[in-house]
Amino acid sequence: VLEASDGGEGLRRAAESRPDLILCDLLMPQMNGYEVLAALRREERLADIPVIFLTGQCEPADVRQGMNLGADDYLIKPVGLADLLRAIQVRLDRRQAQRQRQEKQMERATRLFGGIVHDLSNPLFVVLGYTDLLRGGAGQAPGGEQNSRQMLDRIQQAGLRMQAIIAETLFLA
């Protein structure tokens, strides 16, 4: 557990330590809780940290403003220890589930792009191999014009296959 005496210090400490969760009051010197939350959400490295407001500000407009800025919860003082711990646990569990989903998505993306690279390498091998053969014969394949046309057809098919793979990849991206 890290403490901060004001909003600015809290923001600096969050940037240094990337905490699992932030409990934040609204009324603080230097920066109020809304300003801290807005700054956290603008910073890509800190934007996903759950923030729970723990405050005496109980007007509906205050609660709505906090939630509109992206607060994960808004607890009004005085709050019982059991309620506080339950709110913290729910946010930590939700964040852990989100991280697990992101890891699975990253694994799927890695497999997908590994397959794409493999799928592109086969037709590229055909294009390069037949191109080398045609160059060696100054535009004619060994075996005559018929073989040259077959090689050109295979080169074209391989190019079209690569084009289809690239189009599919762009669609997924």
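Me: Which residues lie nearest the centre of the largest pocket?
Reply: This is a predicted model, in which local features need pLDDT of at least 70, side-chain atom pairs count only at pLDDT 80 or more, and totals for chains, interfaces and linings use all residues. Residues are numbered from 1 along each chain as its sequence is written, and side-chain values use heavy atoms, with hydrogens and water left out. A pocket is an open set of points on a 1 Å grid over the protein atoms alone, where a 1.4 Å probe fits and protein lies on both sides within 12 Å along at least five of seven lines, and its lining residues have an atom within 4 Å of a point. The largest pocket has 21 lining residues, and those nearest its centre are Leu2, Glu3, Leu21, Ile22 and Leu23.

Me: Which element gives the most to the lining of the largest pocket?
Reply: Helices (DSSP runs of H or I, at least four residues) and strands (runs of E, at least two) are numbered from the N terminus. The lining of the largest pocket takes 6 residues from its main contributor, and that element is H1.

Me: Which elements do the buried residues of H2 pack against?
Reply: Helix H2 covers residues 33-42, and its buried residues are Gly33, Tyr34, Val36, Leu37, Ala39 and Leu40. In terms of contact (heavy atoms within 4.5 Å), these buried residues of H2 pack against helix H1, strand S1, strand S2, helix H3 and strand S3.

Me: Is Thr169 buried or exposed?
Reply: Thr169 belongs to helix H5, which runs over residues 145-172. Because its relative accessibility is 16%, Thr169 counts as buried.

Me: Which residues is Thr169 in contact with, leaving aside its neighbours within four places in sequence?
Reply: Inside that range of neighbours, a polar atom of the Thr169 side chain lies 2.8 Å from the backbone oxygen of Ile165. With neighbours within four places in sequence left aside, Thr169 is in contact with Phe113 and Ile116.

Key: Buried means under 20% relative accessible area, exposed over 50%, partly exposed in between (1.4 Å probe, protein chains only). A polar contact is a pair of N or O atoms within 3.5 Å; within protein, one must be able to donate a hydrogen and the other to accept it, and residues adjacent in sequence count only if both atoms are side-chain atoms.
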